[in-house]
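Subject: Structure handover

Hello,

Here is the structure I promised to pass on. Please open it before reading further.

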Amino acid sequence: MSTQYQPFLLRMLGNSRWTGYAISVIFLCILIPVLNLVVPEGSLLHVSNYTVSIGGKILCYAMVALAMDLIWGYTGILSLGHGLFFALGGYACGMYLMRQVGVDGVYHSNLPDFMVFLDWKTYPWYWTGTEHFLVAMLLVVAVPGILAFVFGWFAFRSRIKGVYFSIITQALTYAFMLFFFRNETGFGGNNGFTDFKRLLGIPIATPEMRMFLFALSGLTLLLMLWMSRCIVDSKFGRVLTAIRDAESRVMFSGYNPLHYKLAIWTLSAMMCGVAGALYVPQVGIINPGEMSTANSIEIAIWVAVGGRGTLIGPLLGAAFVTGMKSWFTATFPEYWLYFLGLLFIVATLYLPDGVMGLAKKLKGKLL
Amino acid sequence: MISDNFTGSQATGGSHLLQPGVLDSSHGVVLYLEDITVSFDGFRALNKLSFSVDVGELRCIIGPNGAGKTTMMDVITGKTRPDSGSVFFGQTLDLSRMTEPQIAQAGIGRKFQKPTVFEQHTVFENLELALKTDKRIWHSLFGKLKGEERDSIHEILSTIALLEKTNTRAGLLSHGQKQWLEIGMLLAQQPLLLLLDEPVAGMTDQETERTAELLNTLAGKHSIVVVEHDMDFVASIARKVTVLHEGSVLAEGDMNKVQNDEKVIEVYLGR
Amino acid sequence: MKIAKIIVALVLAWLFAGTAYALTAADRMLLSAGDNDQRIASIAKVVAAGDASAVPFLKSLLDDSVKVAGSKVFIAGADAVTDAATGVRVELPVNAADVVNNNRMRSELVSAIAALELQSPDVAIRMQAAQALRQSDAGDSTLTLVKNAEKTEQNSKVKSVLGEIRAGIELSGPDQATRLNAAQELGGSTSAQMRQLLVIRLQPGGETDPQVKQLITSSLRAMDARLAYYEQAGIVFTGLSLGSVLLLAALGLAITYGLMGVINMAHGEMMMLGAYATYLVENFFRNYLPEWFDAYVLVAIPVAFILTAIIGMILERTVIRHLYGRPLETLLATWGIGLILMQLVRTVFGAQNVQVENPGWMSGGIELAANLVLPYNRLAIIVFSLTVLLLVWTLLNKTRLGLFVRAVTQNRSMAGCVGVNTARIDAWAFGLGSGVAGLAGVALAQIGNVGPDLGKTYIVDSFMVVVLGGVGQLAGTVYAALGLGLVNKFLEGYAGAVLAKIIVLVIIIIFIQKRPQGIFALKGRSVD
């Protein structure tokens, strides 16, 4: 019990498991780049670009899974809008990347090609400032954060919870997807943003840049993991779990659940925004398809498969499902949806605590 | 300890300050309900209900099912808004305009009919969460548990006889233990007024006896309102009993008087 | 040269006017080759002769299949070339040249064909021809013909269209009285072409007589008022139509979610399966019982209902039963079921959309005005959804099954205690909800393409209907569905389809903040 009240950092270093996570992520951030860039192709140890790109994607998805876990696993609020926050972060980053294209587009105009196509003469007002890297990075967290805050304030204040909340977030995501599909919205319509050329003036399609983004994603994930650990270990985290289990008792104990839910909900959305911003330069495209309702629900299954209410589980879940998806789409594309559908059913019916729960159970049986 | 929170007669001029935590009970009344009416789709759960609870009083409320006992609790704790009438905590706090957390912070603790504890947390954490302290986000994130707070948690643990279960998950407790834990959480809140909805439901005789003992020691320090069906239990603690029927007060007085009241007998036995 | 040709044409026209005759080889040549003015004159002559047998050749001209080589005219059909004079299959000579028709030529051909077809014994063809003629800029050349046709026409609808055409031509005629009369008459029309004619007459170079001008203005005003009225009526109708589709989609959900509290994300896929069931039944009738084709819908309805109801019951027994009381997990599991069903359909039927043909009695519509046609399939769906609503309501409120369902949903353990087999009731209720989804699928198949993604496009909307209407309230579902349909269609007029949909979603989201229980929810002692 006494460990509970040590400072977090001390506790983390003292905890061998945590040191393990930290070392392994840093290791990945150094080892994989070396194996990809230095070790020659054809060598057994060489890590292919394809693997790196999937790895980078998984790291970004893991952040989203973590964000989803904070709001769903710990606070009991199932969001079907996290795909939206992810995409908004991606779009904010994409705006900057489009600005970086400069006059190298197909039409050699100062404007992105899709604006030339719409016969626009200048950038619309909401693109103001996006040519500055810092402004764009601010938007990456601010746009999902503000949207989540405003939406959450209204929703939580009216005591919308459970499935109701899920459905409303789904409707919100759907509305945004339709909105971004329109060409006149000014975000490239159907095609979204693609054909990025540079990031901070440096060409984006080089192996070095790819490795840098990969390592950056790894470190960001580690940072988020540490932050989440601090949160769930604090009394704040215990209040969140208490809200999940008995919200009325929380209220009658003098806590205002509205503030707590709003805080974690907004934070969770901002984490998704960051993940989206790291995702877009790595995959090289962002379009409204990312906002589809199916994407947001898939995030929930990462968390469910991995194990709700644990911090490592969702990361494993995201890695597992994404890995399976790329394997299936490469080998049996027509069976992927069967597998995913079954996963939804199996995870909810037989794995209430995900693989982490299963591991715990097995461990308990063996000992 | 309690008297610190009573601010005397500083706000007697009828000006209703809505300042949580500042309570004026200088007139000796801690809870005051007047003409409360609540209806759900035409059904009147409370019908011009009026009654008051004095400082330090232990009041029992009895009544047949559907008499409006739980709805009355809901009105006091802010869960249900009355259609008409007023409900005051002391002289100054208009409960009908406060949110549940505000009411809780002002010093009203409520125990539910069905024991409601945080099942995934340990007994210790349950009490820690209930403890009277700054309950805003910032403090929850960065605040530390102080030594005296730890002491008071241990004190409560021994009061509710759950010392051995300190680090047990609350979900694993027996029904009676959960009831006690919930009472313990109320104590940790250091409320001025405790509302207990059937506190001994599902308890063994021994546990019931100890609960009665506990409530008797708490009375005087706290004002307590108990809703209960168990007549023996009521008889063992009650000084004053209020009988609710169809949303309003049917009779009020000591146990003897109530038990011999014609109307009460009719309601309870006549059908 | 040109003048000479026109003279020749005129002479020929004079020679043959009024006498019934078949096209000669020379006529065909005149129609196909040479100067456009001369060809148009030839067309006028054919029209004046009123010979319906010339129609096929004119149509061939219109679809560019006529070729000319030397003095011979050929028709190059899709699979064979025939000599226009003899109708015998021949080889197309190498030096054959295409007959090129410019837009002016085309519109002349169109109105000529229409004019000739006005004499057809078939009312439908006459109506089509009249409408085509109204569509084209019918010139003076057709006036006599239209007048004659109007005089002999028995069908009142065709007659009124012909009247409009005549008035339209007369509007620019030489006689002031006739023009006044025509302007007066056109005020009663709702046709966009006629409105255009009136507008043109008011422009400089058009009508000069102030009296006629004034009459045209007032006619135009009357026409605009009527058009606007019909337009509003049209929006109301499409709104009701959309609303009835939403109602069908949401009715099943109102049972599974509203009554049972089971959130079924595979509901859309149930509709999709119902639509595919309709497709299968339609195909069966087309192939084996073509003479009964018009009745296939009557068979598709029970087939779709039973199929989806059985699938729903199986799902309830195998998956959903284990998740009662865990709504979020139910949401995820049913989403998974939806994915599997969708992929299953893709595997069996392919990813492409399939087309389901309406039965004969559902094609076409009631034309209330030129800009207000009520299609029969839409009308049928409105009637159908109201019928299903009535049946569901009766089933839930007037039968023992309904009583049991309501008992189980209100207090499961108590219902079990008094001897209701709650497990069976759950299965029946879920089956009913899924079956109604299947019925919605039958309706959807009548108004659009059927594809594996059909369900996903409706799931958000139908949940919005249930949420807005208030859980557990059939009446709320009805109002919410029709209201959403109407609001959506009215907004479309101002903001376009996509924006309208977004606005509606945002309105709902804001509205739910105000009344989280929906419009018609009962207030009650909510249990957390």
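Predicted model: local features only at pLDDT ≥ 70, side-chain atom pairs only at ≥ 80, totals over all residues.

Chain C overall

Chain C contains 21 helices and 6 strands. Its radius of gyration is 31 Å, while the globule rule gives 24 Å for 528 residues, so chain C is more spread out than a compact globule. Along the principal axes, the C-alpha atoms of chain C fill a box of roughly 100 × 60 × 35 Å. Buried residues make up 43% of the 528 in chain C. Take the contacts in chain C with a separation of 6 or more: 71% of them join residues 24 or more positions apart.

One helix in chain C

Look at helix α10 of chain C, residues 192–202. Which of its residues are buried? They are Met194(C), Leu197(C), Leu198(C) and Arg201(C). These residues cover an arc of only 95° around the axis, which means that they sit on the same side of α10(C). Gln196(C) and Val199(C) are exposed, on the face turned away from that buried side. The cover over the buried residues of α10(C) includes α8 (156–170), α9 (176–186) and α11 (210–259) of chain C.

Where chains A and C meet

Here 38 residues of chain A are in contact with 33 residues of chain C. On the chain A side, the elements giving two or more residues are α6 (133–157), α7 (162–181), α10 (247–252), α12 (293–306) and α14 (336–350). The largest share comes from α7(A), with 13 residues. By type, the chain A side divides into 26 nonpolar, 8 polar and 4 charged residues.

Domains of chain A

Chain A is divided into domain 1 (1–47) and domain 2 (53–296). The centres of these two domains, taken over C-alpha atoms, are 26 Å apart.

The cores

The largest nonpolar core has 278 residues. Ala62(A), Val64(A), Ala65(A) and Ile301(A) have the most contacts inside it. Helix α3 of chain A (residues 49–74) gives the largest share of this core, 16 residues. A second, separate core has 37 residues, among them Leu23(C), Ile43(C), Leu133(C) and Ile169(C).

What does Ala65(A) touch, leaving aside its neighbours within four places in sequence? Its contacts are Ile299(A), Trp302(A), Val303(A), Gly306(A), Pro314(A), Leu315(A), Gly317(A) and Ala318(A).

Best wishes

Technical notes
Residues numbered from 1 in each chain as written. Chains lettered and ligands numbered in written order. Core = buried A, V, L, I, M, F, W, Y, C linked by C-beta atoms within 7 Å. Buried ≥ 20, exposed ≤ 12 C-beta atoms within 10 Å, placed from the backbone. Helix = DSSP H or I, 4+ residues; strand = E, 2+ residues; numbered from the N terminus. Contact = placed C-beta atoms within 7 Å. Domains from an automatic or database assignment. Rg over C-alpha atoms; globule rule 2.2 N^0.38 Å. Arc of directions from axis to C-beta. Nonpolar A, V, L, I, M, F, W, Y, C, P; charged D, E, K, R; others polar.
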